[in-house]
Amino acid sequence: PGVDSSLYALARFSIAAMALLPGAFAAIKRGAMDLETAKGATICGSWVAFGYIGQTLGLLTTTASRSCIICSMHCVFVAVVA
């Protein structure tokens, strides 16, 4: 209550990124992960975060039943495209 849902999602992903960042740097430093893998993971994680934030913002403008249909169809579309 009192906190905007998009701000909550942004804070959640920022905290998660800050928590995982030291481990990623340590893995790169000891050679367990190369820099290209880290860059790819950052890009993939950013798209996931933008997706969640976009979904949260979309919930502000539509009903829960429409959102359910859109999210369910998303799973079908991803399977078809893949």
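Colleague: Is Phe13 buried, partly exposed or exposed in this predicted model?
Modeller: Buried means under 20% relative accessible area, and exposed means over 50%. Phe13 has 22% relative accessibility.

Colleague: How many aromatic pairs does a search of the whole structure find?
Modeller: A pair of aromatic rings is described by the distance of the centres and the angle of the planes. The search covers the whole structure. The count is two.

Colleague: Is the pair of Phe13 and Tyr52 stacked, edge-to-face or tilted?
Modeller: The ring centres of Phe13 and Tyr52 are 5.5 Å apart, and the planes meet at 35°. Stacked needs under 30 degrees, and edge-to-face needs over 60.

Colleague: How many residues apart are Phe13 and Tyr52?
Modeller: Phe13 belongs to helix H1, residues 5-30. Tyr52 belongs to helix H2. The pair links distant parts of the chain, and the separation is 39 residues.

Colleague: Which charged residue sits over the ring of Tyr52?
Modeller: Tyr52 is partly exposed, at 40% relative accessibility. A charged end sits over the Tyr52 ring, 5.4 Å from its centre. A charge counts within 6 Å of the ring centre, provided that it is also within 35 degrees of the ring normal. The residue is Arg12.

Colleague: What kind of pair do the rings of Trp47 and Phe50 make?
Modeller: The centres of the Trp47 and Phe50 rings are 6.5 Å apart. Their planes stand at 80°. Edge-to-face needs over 60 degrees. The pair is therefore edge-to-face.

Colleague: What separates Trp47 and Phe50 along helix H2?
Modeller: Trp47 is exposed at 63% relative accessibility, and Phe50 is exposed at 56%. Both residues lie in helix H2, three residues apart. The separation is about one helical turn.

Colleague: Which two side chains meet in a salt bridge?
Modeller: The count comes to one salt bridge. The rule asks for nitrogen and oxygen within 4 Å. Here the N to O distance is 3.9 Å. The partners are Glu36 and Lys39.

Colleague: How many disulfides does a search of the whole structure find?
Modeller: A disulfide is a covalent bond between the sulfur atoms of two cysteines. The sulfur of Cys44 is 16 Å from the closest cysteine sulfur, in Cys75, and this is too far for a bond. Cys71 is in no disulfide either, with the nearest cysteine sulfur, that of Cys68, 7.3 Å away. The search finds zero.

Colleague: About how much accessible area does the nonpolar patch with Ile69 have together?
Modeller: Ile69 lies in helix H3, residues 64-81. Ile69 is exposed, with a relative accessible area of 56%. The patch on the surface is formed by Ile69, Met73, Val76, Phe77 and Val80. Together they have about 500 Å².

Colleague: What distance separates the C-alpha atoms of Ile70 and Gln55?
Modeller: Ile70 is found in helix H3. Ile70 is exposed, with a relative accessible area of 55%. Ile70 and Gln55 are 15 residues apart along the chain. Their C-alpha atoms are separated by 9.9 Å.

Note on methods. Residues numbered from 1 in each chain as written. Predicted model: local features only at pLDDT ≥ 70, side-chain atom pairs only at ≥ 80, totals over all residues. Heavy atoms only, no water. Patch = residues over 30% accessible without salt bridge, like charges linked within 9 Å, V, L, I, M, F, W, Y side chains within 5 Å. Areas by Shrake-Rupley, 256 points an atom, 1.4 Å probe, with all protein chains shown as cover. Helix = DSSP H or I, 4+ residues; strand = E, 2+ residues; numbered from the N terminus. Buried < 20%, exposed > 50% of the residue type's maximum accessible area, 1.4 Å probe, protein only. Disulfide = S-S within 2.5 Å. Phe/Tyr/Trp six-rings, centres within 6.5 Å; stacked < 30°, edge-to-face > 60°.
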